[in-house]
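Open the structure in a viewer and keep the sequence panel beside it. The tour below says what to select at each stop and what is found there.

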Amino acid sequence: MRYFRQKAALGFHRDSSSRASVRLLILILIAAILPLHSTDEKHIMIYAPNVSFSLPITDRDGREYVSLLECVEPLGTVTTRTDGLHWRLHYNDGDSEFTAGKNRAKIRGHDVDFPGNFLLENGRGLVPLVSLGTLLPRMLGAPVSFNPVSRRLFVGNVATHLTAQLSHTTPPRLVMNFTAPVNPTIATEPGRLRMTFTREPLVAPGTPTLTFGDKAIPSATYAENNGVAELTVNGTVPLMASFSNDGRTITVAPTPQQPAGPAPGTPAAGGPPSAPSPANPAAPVPPSPRHYYAVVDPSHGGDDRGAALSDTLAEKDITLALARRLRQELESRGIPTLVLRDSDANLSVDERAIATNTAHSTIYIALHAASDGRGVRVYTALLPSGGENNGPFIAWDTAQERFVPLSKVAAQVVAAEFQRRQISVRSLQAPLRPLNNLTTAAIAVEAAPPGTDVMDLNLPAYQQNIASAIATGIAAVHNQLGVAP
Amino acid sequence: MIPRHLQIAVGILLLAVLGMGFYAGRVRGRAKQPEAAADARPVAPPAQGPTERVTLYVANDAAGILRAQAAAIPLPSARQQRAEELLRALLDIYVSKDSPHPLAAGSEVRAVYLVDPGLAVIDLNAAFANGHRSGVLEEELTVTSLIQTLAANLPNTLRVKILVEGKERETLAGHADLSATYDTIAVSQLVAQMQ
């Protein structure tokens, strides 16, 4: 080995040009290998008054490039023409002319220099990413704000601003007001609640770290990267977010919890205690600020789309729409209601069960949607085998066992209300989590289309009728469940 | 001036890189193709043994119920193979052209393990679960159909666990719980409730 190394070294010293050849070869090899492993795609997010869109970024000669046509096409009427090395783009009422390999363009009759050269690839004009802040204001005739580091570009006055204020109540509530409706993806993990804003032109608050001086919610941080803005609320207790004011307000508060033991007013005072959760076995929890009579669970959400009801309709969206209507219907009947997911958030079935059991509600209603069949199906739990409950120790898989009679009563009354409204209904048991993990009366309602068209699941009138039927049934059953709302 | 032997070496290496790239592309393409094809292949030879009359519980999507359907199929004498053949006969109906409860092409029962006392473990292939339609009732019909068919034809089957590719899976297609072990008596009551 030593011999070969020396000989190779001699060879390289003999002619410096041979070193260049080897370098070239190494570069070719790296270039051949890299594409196989490159998975982290770069994007730029463009926000304009009526549209927000994401574009891929390509690397050329170590510089980030983006297709200029794709940048402006969604914003107006665009035509392009290639003439040798010249590339002309007509946007609305203005012309721009670029030349391949040059860093000067003529835009609306004026010469504009920009960093990096224009590239022309198969009739596709590419400009350096950093040049967008120079080129687009002149091409569009509108103010443009561009952050090349986070790859977010704002056309016109579209920015959504945020103010956050902590209310030092017990428990504390962090109220965030936005200047436009937002619908972030929400993910919770120990010690934080993360909101990811992909489509919203959210801009940074005055300072990237907001401190509140509260023990439960000490701070929040804002960050943006690769076209996405992220707001992370740090907490020392499990947090949850709720939306109000048509999506303009997000309130973050500790997950409603009560001390372990029979909840005041639950069906069997002194009866079944709450099931220990696998994730949070016996953590001491603060008293709940509000007793929720009903917990509504829009199934699926986030990465879990549920059933693909059509090419464009996902189950998770129907369940969320139904849940919002159901909350409105229940609260209009004086029934305090907690919706477990009020945005496109990821929630595991265990998290849903934990939130429901700690809320000590009287009734849990899961919402599902399906494309097959007609009308609605009302389910109670089909309990699995095993899982003996011994005294205060309740098996997680069969925690529902003692509540099955109450669940069946609730299911019957809700089904009767559907029948009364001439909505086709079936009552069944189903092996459907988290029903079997809940220490409260629990039902699931699966909505199918009223007729042959699955898109009718999206009809507001149909959704309202379903929500109203469930709410009427729940309101009617409260005496049988043993607790007044 | 680059020595001639280095030019030749670089040229050969360039050709080798291009050749390897082309070969890698073809291998990757080939590796993807058999996935679908392999799923469609039968996982066991046809059963041999005397033909016996059995009752299959066949899901019917239109009615949303299970229908008991008599069938005559060759069944081996060994209990475990009998269980597998029963479920394969059921799946033959589901993947047929006029299936009342269509399953994805290539859906198969890999094996059934009978574990005393009274536990049957059904191992489905990935095509079965990955291609299954998502919905509470659709998935429930499939699960109960498998369990009820086993329980009705193999007395002493008290509990059933369903695996996919030998591993536990949370749900069949987003709804029906596969993490738990099913009680056959509870499933029989549910099937009766469905009628």
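Two residues are in contact if their C-beta atoms, placed from the backbone, lie within 7 Å. The model is predicted, and the stops below rest on it.

**Stop 1: chain B as a whole**

Select chain B and colour it by secondary structure. Chain B has 5 helices and 6 strands. Followed along the sequence, they run in the pattern α-β-β-α-β-β-α-α-β-β-α. Chain B holds 195 residues, and 35% of them count as buried. Among the contacts in chain B with a separation of 6 or more, 64% join residues 24 or more positions apart.

**Stop 2: helix α5 of chain B**

Now select residues 184-194 of chain B, which form helix α5. Which residues of this helix are buried? They are T184(B), V187(B), L190(B), V191(B) and M194(B). These residues lie on the same side of α5(B), because they cover an arc of only 115° around the axis. Turn to the other side of α5(B) to find I185(B) and A192(B), which are exposed.

Next, show what the buried residues of α5(B) pack against. Within chain B, the partners are β1 (51-60), β2 (65-74), α4, β5 and β6 (182-183). Chain A contributes β27 to this packing.

**Stop 3: the loop with L154(B)**

Select L154(B), placed in the loop between α4 (136-153) and β5 (159-164) of chain B. Is L154(B) buried or partly exposed? L154(B) has 19 other C-beta atoms within 10 Å, so this residue is partly exposed; a buried residue needs 20 or more.

R82(B) is 72 residues from L154(B) along the chain, yet their C-alpha atoms are separated by 8.6 Å.

**Stop 4: where chain A meets chain B**

Finally, display both chains. The contact takes 32 residues from chain A and 30 residues from chain B. On the side of chain A that touches chain B, α2 (16-37), β26 (376-381), β27 (425-430) and β28 (441-447) each supply at least two residues. Which element gives the most to this side? Select α2(A), which gives 7 residues. Colour the side of chain A that touches chain B by class to see 15 nonpolar, 9 polar and 8 charged residues.

To link this stop with the second one, keep β27 of chain A selected and show α5(B) again: β27 is among the elements that the buried residues of α5(B) pack against.

Notes. Residues numbered from 1 in each chain as written. Chains lettered and ligands numbered in written order. Predicted model: local features only at pLDDT ≥ 70, side-chain atom pairs only at ≥ 80, totals over all residues. Helix = DSSP H or I, 4+ residues; strand = E, 2+ residues; numbered from the N terminus. Nonpolar A, V, L, I, M, F, W, Y, C, P; charged D, E, K, R; others polar. Buried ≥ 20, exposed ≤ 12 C-beta atoms within 10 Å, placed from the backbone. Arc of directions from axis to C-beta.
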